[in-house]
Amino acid sequence: MALRTIRKKGDDILYKKSKEVKIFDEKLAQLLDDMYDTMKNADGVGLAAVQVGVLKRCLVIDIGEGRIELVNPVITEREGEQTGQEGCLSVPDVWGDVKRPKKVKVSAFDRKGKSIIQEGEDLLAVALCHEIDHLNGELFDDKIIEKQ
């Protein structure tokens, strides 16, 4: 596994919409492994493929409860509301309050192409929304209510 370079705000790729993954192979598995190692090395809780320069709809998350990998994720349900401080590995040294759903349900695939449902509440809901935003070319700092 290899550490990849995390792209920073100002890099045009971060504003592009990622493409749907159609091939579930060893190359995808390697990308997910590299993303996870890169995220952990940077002390992050989530990372989207676009953040390492790959326009594929996949992400990794670990909020301290174990590794989550989602390919082609789509939020299918949102419930409630919460506002909390967020930061981003691609937007260093910027923190701010962002409004997100309290709970979400996400339809996705695992690394082998098996359909899965991932539910998230509180911090996991925030991480899921934040990373899926990346896949749509959106950065959290455009959603900040109040900068810290």
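1. Strands E3 and E6 pair in the antiparallel sense, over six bridges. Strands are DSSP runs of E with at least two residues, helices are runs of H or I with at least four, and both are numbered from the N terminus. Two strands pair if DSSP finds at least two bridges between them. Across this pairing, Val-74 stands opposite Ser-107 of E6.

2. The basis of these points is as follows. This is a predicted model, where local features need pLDDT of at least 70 and side-chain atom pairs count only at pLDDT 80 or more, while totals for chains, interfaces and linings use all residues. Residues are numbered from 1 along each chain as its sequence is written, and side-chain values use heavy atoms, with hydrogens and water left out.

3. E6 also pairs with strand E7 (residues 115-121), antiparallel, over seven bridges. Here the partner of Ser-107 is Ile-117. The hairpin of E6 and E7 has five residues between the strands. Gly-113 in that hairpin takes a positive phi near 95 degrees.

4. Which residues of E6 (residues 103-109) lie on its covered face? They are Val-104, Val-106 and Ala-108. Lys-103, Lys-105, Ser-107 and Phe-109 make up the uncovered face. In a regular strand the side chains alternate between the two faces of the sheet.

5. Strand E4 (residues 82-88) runs antiparallel to strand E5 (residues 91-100), and six bridges join them. Thr-83 stands opposite Lys-99 of E5.

6. Glu-86 deserves a look. It sits in strand E4. Is Glu-86 buried or exposed? Glu-86 is buried, at 4% relative accessible area. Buried means under 20%, exposed over 50%, and partly exposed in between, with a 1.4 Å probe and protein chains only.

7. The side chain of Glu-86 makes a polar contact of 2.8 Å with the side chain of Arg-100. Another polar contact, also 2.8 Å, joins the side chains of Glu-86 and His-130. (A polar contact is a pair of N or O atoms within 3.5 Å; within protein, one must be able to donate a hydrogen and the other to accept it, and residues adjacent in sequence count only if both atoms are side-chain atoms.) Beyond its neighbours within four places in sequence, Glu-86 has contacts (heavy atoms within 4.5 Å) that include Val-94, Trp-95, Val-126 and Phe-140. Glu-86 and Lys-143 are 57 residues apart in sequence, yet their C-alpha atoms are 10 Å apart in space.

8. Helix H1 (residues 26-41) has 16 residues, and its end C-alpha atoms are 22 Å apart. The expected span is 1.5 Å times one less than the number of residues. At the start of H1, a side-chain oxygen of Asp-25 comes within 3.2 Å of the backbone nitrogen of Lys-27. Asp-43 follows H1, with a positive phi near 60 degrees.

9. The buried residues of H1 include Leu-28, Leu-31, Leu-32, Met-35 and Met-39. Asp-33 and Asp-34 are also among them. Their cover includes strand E1 (46-48), strand E2 (58-61) and strand E3 (68-79).

10. How many disulfides does the whole structure hold? The search finds zero. A disulfide is a pair of cysteine sulfur atoms within 2.5 Å. The sulfur of Cys-88 is 14 Å from its closest cysteine sulfur, in Cys-129, so the two are too far for a bond. Cys-88 is buried, at 12%, and Cys-129 is buried, at 3%.
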